[in-house]
Amino acid sequence: MSNFGQVKTLNPSIPQEIFSLNISSRLSTNLDEIKESSKDFGKIIQNILPAAVLYPSCVNDIIDLIQFSYDLSVPFHVAAKGHGHSIRGQAMAKNGVLVEMNSLNNNNNENCGVRVSWDSDLGFYADVGGEQLWIDVLHNTLEYGLAPVSWTDYLYLTVGGTLSNAGISGQIFRYGPQISNVHEMDVITGKGDLMTCSKDVNSELFFGVLGGLGQFGIITRARIVLDRAPTRVKWVRMLYDDFSKFTKDQEHLISIHNNGLDYVEGSLIMEQSSLNNWRSSFYSPSNQTKIISLLSQNKIMYCLEMVKYYDDHTANTIDEELKKLVQGLNYLGGFMYKKDVTFVEFLNRVRKGQIELELKGMWDVPHPWLNLFVPKSNIMQFNAAVFEDIILRQNKPTGTILVYPTTRERWDDRMSAIIPEEDIFYIVGFLHSSSGNNECKILDDQNKEILNYCDKVGLNIKQYLPHYNTKEDWIKHFGKKWHIFQQRKIQFDPKKILSPGQNIFN
């Protein structure tokens, strides 16, 4: 790391006085380190470089940095980077300072890491550093026989990162997104104030930060809801050749509240997509042959994926419970596949695929992802126009395409996160991987075609992990929440210091 003696590479937008602060030894202006810190999972937005990178040893280092910027007549931007899983440079800070949150974990002095507690009002909970990865939260809480209830499909993401968006996976219909499972947070605002917030204390900050795309503060601690952890799961996949039957069955399954499922997702299977995709290996070679034969008759198949947790106490009844749940479903006869795995194996299912792709050199590639929330009333039209037309016409190996329903009732409308107005809406994820810039452009153009179609015919979709280039588009995205979103920015980050990479106020 560079220090005051090496500031000749420093961007003039950062005043040299910053190197007289206590944090100077933890600031780097080394160009190689800057370039490395400026990479993200998307690999689409390149060369938006900060002037320096801060490797904080404690929360106070971040406070000092933001307060220093805030006190300047012309402040510089600050962005917090977790595990770098953003798609389009959302965690970048051009000519500003990028904060490597993982450094808190490496130093691990005053920050909380993962601490499990119990309270008569809250039950079990964990106080978790914003820099912590969910996989580490899982392992730490399992030592107490406990675990969080809401997850993302991929666990190598930071707590602060997912709570700044929403944090979604197949458990969402039952437990809500991760932002609905937080009791309290410590947040550093754009003024450099460290504030504890909850539904009852500093509630505007609490609701603003959850799903707030990093606009109001940097999360340094979150108090996460915990529950008794199961030990194993029954994991089932069923195939459909009819989108209407597929979605009807998904909607039925998420409506069962008493002794229902713990996870429901769905995905498309097409001739050009791998059956055992990077998200999880499921089908045996003989099963694959059978499915490929079916795919030759149908251009698109639909896979309904469901999971029910169990432990020693329910091991004797789990099969009967599962049998009742699948009764009456309209999947294709002979195309149900089952697995029985540990709770951790299931939750960490994407990691195995990641390692395989890394060995093939296919992980560190551009990822022009597009994630949408589609109202239930428009999902059939979306299927006909997007899945059966745009996607099939492109006829490219696209990666995984997810489609599964959830309900509004598990979301708190006071939070910044934006979802459609309808009671039931679908999560649709185009999780593209591309082999190079040319293919990336083709897939990105396909994303634009999808968005243009949805806009033109008025499908009332909302982007998840949103990306827009104009303020007008952001205003349209937030809709009736725009006014309060703007008011919260004025209250907690009036100089627009934080998270410029989202391109909302900058």
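**Exercise 1. Locate Asn378 and decide whether Asn378 is buried or exposed.**

Step 1. Asn378 sits in the loop that joins strand S15 (370-375) to helix H13 (379-394). Helices (H or I, at least four residues) and strands (E, at least two) are DSSP runs, numbered from the N terminus.

Step 2. This is a predicted model, in which local features need pLDDT of at least 70 and side-chain atom pairs count only at pLDDT 80 or more, while totals for chains, interfaces and linings use all residues. Residues are numbered from 1 along each chain as its sequence is written, and side-chain values use heavy atoms, with hydrogens and water left out.

Step 3. The relative accessibility of Asn378 is 12%, so Asn378 counts as buried. The term buried means under 20% relative accessible area, exposed over 50%, and partly exposed in between (1.4 Å probe, protein chains only).

Step 4. With neighbours within four places in sequence left aside, Asn378 is in contact with Gly458, Leu459 and Asn460. Contact means heavy atoms within 4.5 Å.

**Exercise 2. Describe the surroundings of Pro177.**

Step 1. Pro177 belongs to the loop between helix H6 (172-175) and strand S8 (182-189).

Step 2. Its relative accessible area is 0%, so Pro177 is buried.

Step 3. Not counting residues up to four places away in sequence, Pro177 touches Ser150, Ala166, Gly167, Ile168, Ile172, Arg410 and Trp411.

Step 4. Leu163 is 14 residues from Pro177 in sequence, and their C-alpha atoms are 9.0 Å apart in space.

**Exercise 3. In what order do the four strands of the open sheet stand?**

Step 1. The order is S1-S2-S4-S3, with mixed pairing. Strand S1 (27-28) and strand S3 (78-81) are at the edges with a single partner strand each, so one side of each has no neighbour in the sheet.

Step 2. Two strands pair if DSSP finds at least two bridges between them. S3 and strand S4 (residues 97-100) have four bridges and pair in the parallel sense. Val78 stands opposite Val97 in S4.

Step 3. Strands of a sheet pair through backbone hydrogen bonds, either parallel or antiparallel.

**Exercise 4. Summarise the whole protein.**

Step 1. There are 16 helices and 18 strands in the protein.

Step 2. Of the 506 residues, 58% are buried.

Step 3. Take the contacts between residues at least 6 apart in sequence: 75% of them join residues at least 24 apart.

Step 4. Along the principal axes, the C-alpha atoms fill a box of roughly 70 × 55 × 45 Å.
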